[in-house]
Amino acid sequence: NVLILGFSLQRDVDKLALLGSRFQCFQHFHRVVDLHDACLKAEEEQLRVTSSRGLAAQLRSWTGRTLDKTMQCSDWTLRPLSRAQTMYAAADVACLFLLYATILQA
């Protein structure tokens, strides 16, 4: 009974599909919440408008928190990942829980 949270998940799933059959498990999801869609739905219900549809903008709009996306476009193929990339990845995932909880209370 794991709940999967993500933001614009389809793009990530499409990228994984390009990697071949060892990632076929990502083609069938159960108990998934795409917070991009959830934010849009919640905005419509509350007649809110966010200037941008991205994760950082939605997080700021709903929670007042900021998310530094500087490392988003860095080279993720290089190993080992830099400390900055690791910290970015952790923050990018951690903020999903806060955003989800905030939208549920809205």
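Predicted model: local features only at pLDDT ≥ 70, side-chain atom pairs only at ≥ 80, totals over all residues.
## Basis

Local features need pLDDT of at least 70 and side-chain atom pairs count only at pLDDT 80 or more, while totals for chains, interfaces and linings use all residues. Residues are numbered from 1 along each chain as its sequence is written, and side-chain values use heavy atoms, without hydrogens and water.

## Largest pocket

Of its 25 lining residues, the closest to the centre are Phe7, Ser8, Asp12, Lys15 and Asp92. Lining residues have an atom within 4 Å of a point.

Strand S1 (4-6), helix H1 (9-17) and helix H4 (83-105) each give two or more residues to this lining. Helices (H or I, at least four residues) and strands (E, at least two) are DSSP runs, numbered from the N terminus.

## Second largest pocket

The second largest pocket has a volume of about 160 Å³. Its lining includes Val33, Ala38, Tyr100 and Ala106. Helix H2 (35-46) gives the most to this lining, with five residues.

## Helices H3 and H4

The axes (lines fitted to C-alpha atoms, over the stretch in contact) of helix H3 (residues 55-63) and H4 come within 10 Å and cross at roughly 40 degrees, on a scale from 0 to 180 degrees between N-to-C directions.

In H3, Leu55 and Trp62 are among the residues in contact with H4 (heavy atoms within 4.5 Å).

Technical notes. 1 Å grid on protein atoms, 1.4 Å probe; cavity = no way out; pocket = protein on both sides within 12 Å on 5 of 7 lines; lining within 4 Å. Points joined across faces, edges and corners; volume = space filled by probe spheres on them.
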